[in-house]
Amino acid sequence: MKAFDDIFRYLPDTSKEKISTLLSRYRFSESQKLEIVKEEADLLQWKEPSYIDKAPYDAIDGRKDGRKGDAYIKGMREYTSKLRSEETDYSAFHPCTPPRSKHGVKEIEKDVVLGRCPCPVDGEKTRCCNLRTLDAVEQCAFSCSYCSVQAFYSENEIHAISGLKEKLLSLELDPSVWHIGTGQASDSLLLGDDHGTLSALAAFAERHPDVIIELKSKSKRNVFTRKWPRNMFFSWSLNAPTIIEKEEHLTASLEERLEDAERARDNGAVVGFHIHPMVYFRGWEDEYSAIAEEIERRFSPDDLYAISIGTLTFTKAVIRKLRQRGAESRVLEMELTEAAGKYSYPLETKKRMFSTVFSAFSERFRKDVFFYLCMEDPSLWLPVLGREYRNDREFEEDMKRHYLAKL
């Protein structure tokens, strides 16, 4: 079975031997075999004990109904479900995640085209702002364990588009385009201006002064010794220190990201933050609330164009890729609930997390800063933010009004 083999072949030999012995011991359906290899791959990544080592074999072997395989599956599901439903415990989790090797940066010849926001569009299953995307750089040197970029690009090479400035200046924009993001295929500030990427974007921004170019980063690249066009908005993805340490490998610390944002603000740039992706771990309330307090300590509402909130969301392809990589991580130690064709936390968990963060901000910030939920279910808006939109168009128009006001 291909789905089984796609995971099994990446497991260490000891795990392969355990699974093979188990499959010869009991009768399992093909779907149960796939479930076993998925759960064992996850437990290995989480650094949790293998259920194959913990199963109550005496009780299973003593069954007289011939459903020993079903009994094993039932116990395995109870074991892993308990781990997934609880707040993830990182206190004794120390991942050994060596940096992914990179073979430098290669300039490639490629046309520049605008993509679309990765929100699902069928049936408006999330509230989508109709962001257009621009992949000026492909692949990332960071090793965030949950990253979707790794599912689409070579693991070992970062690509910068050659002749980017000329290609951007020759790009004809549809009149409906007002907001372009550059952080979908890589960290927007990863290369700084080493390959002329930021200078090319600046020329493009000057050519289209009513179009907002948003750069999103987790890096520490002080590129704010020069002035950038006012319509280049710089944003930082912020996370709890525990998650930065355990899951966002090689990225800048929370303090470094905030310091870079302060430098951008002091240099006249418009800045924003994405508290994203939030992780449901033991201690999350205190650490995420502290982020809100730190933002308020350093910035005023007038400094910010927006603050977004969101959490872990995975496609099947990314989950498969994470299991194949086998890097030690606990991001998949969560209830994988179907969410608009992807997998995420249950809505009640999200509502609690997002509400905690939003309420940690003062009334002034909640009133004067444009908060929004990124790629989240429309039903969460009203209970979390106290407002909602009837459709994507209403959301886009409200965001556009707030963003353009900052110009």
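User: In this predicted model, is the crossing of helix 10 with helix 11 left-handed or right-handed?
Analyst: Helix 10 covers residues 254-266 and helix 11 covers residues 284-298. Where helix 10 passes helix 11, the crossing is right-handed.

User: Are helix 10 and helix 11 roughly parallel or roughly antiparallel to each other?
Analyst: Their axes come within 11 Å and cross at roughly 30°. Angles under 35 degrees count as roughly parallel. Helix 10 and helix 11 are therefore roughly parallel.

User: Which residues in helix 11 meet helix 10?
Analyst: Helix 10 brings Leu254, Glu255, Leu258, Glu259, Glu262 and Arg265. Their partners in helix 11 are Ile291, Glu294 and Arg298.

User: How many residues of the contact of helix 10 with helix 11 are charged?
Analyst: Three residues of this contact are nonpolar and none is polar. The charged ones number six.

User: At what angle do the axes of helix 2 and helix 3 cross?
Analyst: Helix 2 runs over residues 13-25, helix 3 over residues 30-46. The two axes come within 11 Å. They cross at roughly 150°.

User: How is helix 2 oriented to helix 3: roughly parallel or roughly antiparallel?
Analyst: The crossing angle is roughly 150°. Angles over 145 degrees count as roughly antiparallel. So helix 2 lies against helix 3 roughly antiparallel.

User: Which residues of helix 3 make the contact with helix 2?
Analyst: The crossing of helix 2 and helix 3 is right-handed. Helix 2 supplies Ser15, Ile19, Leu22 and Leu23. Helix 3 supplies Lys33, Ile36, Val37, Glu40 and Leu44.

User: How many residues of the contact of helix 2 with helix 3 are nonpolar?
Analyst: One residue of this contact is polar and two are charged. The nonpolar ones number six.

User: How far does helix 6 reach from its first C-alpha to its last?
Analyst: Helix 6 spans residues 68-85, which is 18 residues. At 1.5 Å a residue, the expected value is 26 Å. The model's value is close to that, at 26 Å.

User: What is included in the cover over the buried residues of helix 6?
Analyst: The buried residues of helix 6 include Gly69, Tyr72, Met76, Tyr79 and Arg84. Their cover includes helix 2, helix 3, helix 4, helix 5 and helix 12.

User: How many of the 11 residues of helix 8 are buried?
Analyst: Helix 8 takes in residues 197-207 and is mostly covered. Among its buried residues are Thr197, Leu198, Leu201 and Phe204.

User: Which helix do the buried residues of helix 8 pack against?
Analyst: The buried residues of helix 8 pack against strands 3, 4, 7, 8 and 9. They also pack against helix 7.

Note on methods:
Residues are numbered from 1 along each chain as its sequence is written. This is a predicted model: local features need pLDDT of at least 70, side-chain atom pairs count only at pLDDT 80 or more; totals for chains, interfaces and linings use all residues. Side-chain values use heavy atoms; hydrogens and water are left out. Axes are lines fitted to C-alpha atoms, for helices over the stretch in contact, and angles run from 0 to 180 degrees between N-to-C directions. Helices (H or I, at least four residues) and strands (E, at least two) are DSSP runs, numbered from the N terminus. Angles under 35 degrees count as roughly parallel, over 145 as roughly antiparallel, 65 to 115 as roughly perpendicular and the rest as oblique. A crossing is left-handed if the near helix is turned anticlockwise from the far one by less than a right angle, and right-handed if clockwise. Contact means heavy atoms within 4.5 Å. Ala, Val, Leu, Ile, Met, Phe, Trp, Tyr, Cys and Pro count as nonpolar, Asp, Glu, Lys and Arg as charged, and the others, Gly among them, as polar. The expected span of a helix is 1.5 Å times one less than its number of residues. Buried means under 20% relative accessible area, exposed over 50%, partly exposed in between (1.4 Å probe, protein chains only).
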